[in-house]
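Opening the notebook on a new model today. I want to jot down what I look up as I go.

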Amino acid sequence: MEQFGIWLAALLTIGIISFLYKDNILYKACEAIFVGVSAGYWFVTYFWDNLYRKFYLGIQGAELSDQIFLWMAVALGVMMLTRLFDKIGWLSRWPLAFIIGATAGLYMMTYFVSNAFVQIGATITPPPSMETIGDKISFVLIAIGTFCGLIYFFFSKEHKGAFGGAAKVGIWFLMVTFGASFGYTVMSRMSLMLGRFDFLFGEWLGLIK
Amino acid sequence: MKRTVPLLITGIVGTVLIVSVLIPPAQSLGEDFSLFFDIIAVFAFFLGGGNLFRIHLKKVFHRKEDYGFSIVTLVGFLVTLTIGLFKIGNPEGISGSITAAGSGLQTIFVSIITPLSSTMYALLAFYVASASYRAFRAKNREATILLVSAFVILLGRTPLGMMLTGWIPEQFSIFQIPNLAVWIMNSANLAGQRSILIGVGLGVVAMSLRLILGMDRTYLGSDK
């Protein structure tokens, strides 16, 4: 069984890599397998993790109020499926509205605290280990860069004069960030590719010990 | 019923979740709503799976172009579904965890999903490299900064960076490419990251308020 799994993984890996030559039947077949298997996998995972564990096991021996609460969630979920029928499709807006409201409420506070507050705090508060002149320069540079970057994102005022100059500096800092992100993305993809070749030549063919 | 009730649901649920963060006794409400959210999400997956099945079945039924690949998708979907729902090959039986070592679903994940997804992502390395070769021309100051930053990070994370600049004396070690890469990551890059994060944070707050207050109703679609 283990050998079968290794052979299957190797053939699928080769199938995807074959796209580097050109779009071909093997690649398309692997792509179709990926879509079907992934959909099935997440379907099953959500079924057992949420519907079975959180709902089915949740109502076992629970108080009546908790049971009603969980059944209401299932009722909303079933309403989501009405989207498949034209006449009563509008009912699916109710669970969708719940999801939108819950996401908005949760993310609003989370992002406000972790993205805005924490980042502003970290920018204006000097770190405790600021000993060398290099640390001090970096701290000032980060503060200037963050401020100028924010000015660039402020579109309610025309980017002219000193404001435009600060926005320009902001773009330079953003360009450094995009360059760094690009470099990291390429490196991570390369690392994945090396991992696949390591699997093919090591685990599958046994050429790398 | 078609528009007012969903707007009320969004407003009430969003407000309750914001209040639950601000008022400690109401924190359990946030957890309850998260549980609600998880259960509804399952049905969203059912809907997605059902749609996938319907679309590909239609393609096979009408013998449309490349319908053979739709058969492969359907077989992959149904086989995974059967193995996962009945926990086929699970050493602990139907009561065991779906991710138990040696279970059918775990084998599918390790032998099919992992190699396919990691190879797909790995392929991007080639396309990103070829796209950047065409796009990364130092045409102006901004493009040059991006190019230099990417180049330093790429070299700094490989042994080549040290090989090229290892000869630089210790007192000027900041100019060694690996150290320069670390400096870029911890200062100039951090400034850009922070401005993006703060911008995104404020954007999410604005968007959430628009949704909760019913100013943005696009998610309701049209009544036609």
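My entries on this structure follow.

**Ground rules.** This is a predicted model, so I note that local features need pLDDT of at least 70, side-chain atom pairs count only at pLDDT 80 or more, and totals for chains, interfaces and linings use all residues. Residues are numbered from 1 along each chain as its sequence is written, while chains are lettered from A and ligands numbered from 1 in the order in which they are written.

**Interface.** I started with how the chains meet, taking contact to be C-beta atoms, placed from the backbone, within 7 Å. Chain A puts 98 residues into it and chain B 99 residues. Helices here are DSSP runs (H or I, at least four residues), numbered from the N terminus. On the chain A side, helices 1 (2-17), 2 (25-59), 3 (64-80), 4 (93-124), 5 (133-152) and 6 (161-204) each supply at least two residues. Helix 2 of chain A gives the largest share, 24 residues. I sorted that side by class (nonpolar: Ala, Val, Leu, Ile, Met, Phe, Trp, Tyr, Cys and Pro; charged: Asp, Glu, Lys and Arg; polar: the others, Gly among them). It splits into 69 nonpolar, 23 polar and six charged.

**Helices 3 and 4 of chain A.** Next I checked how these two cross, with axes as lines fitted to C-alpha atoms over the stretch in contact and angles running from 0 to 180 degrees between N-to-C directions. Their axes come within 7 Å and cross at roughly 115°. From helix 3 of chain A I have A:Leu76, A:Gly77, A:Met79 and A:Met80, meeting A:Trp94, A:Pro95 and A:Phe98 of helix 4 of chain A. That contact has six nonpolar, one polar and no charged residues.

**Cores.** For burial I use 20 or more other C-beta atoms within 10 Å of a residue's own. A nonpolar core is a set of buried Ala, Val, Leu, Ile, Met, Phe, Trp, Tyr and Cys residues joined through C-beta atoms within 7 Å. The largest one holds 57 residues, and A:Phe98, A:Ala102 and B:Ile40 have the most contacts inside it. Helix 4 of chain A gives the most, eleven residues. Beyond four places in sequence, A:Phe98 touches A:Leu76, B:Ile9, B:Val13 and B:Ile40.

**A:Tyr111.** Leaving aside neighbours within four places in sequence, A:Tyr111 is in contact with B:Val200, B:Gly201, B:Val204 and B:Val205.

Conventions: Contact = placed C-beta atoms within 7 Å. Buried ≥ 20, exposed ≤ 12 C-beta atoms within 10 Å, placed from the backbone.
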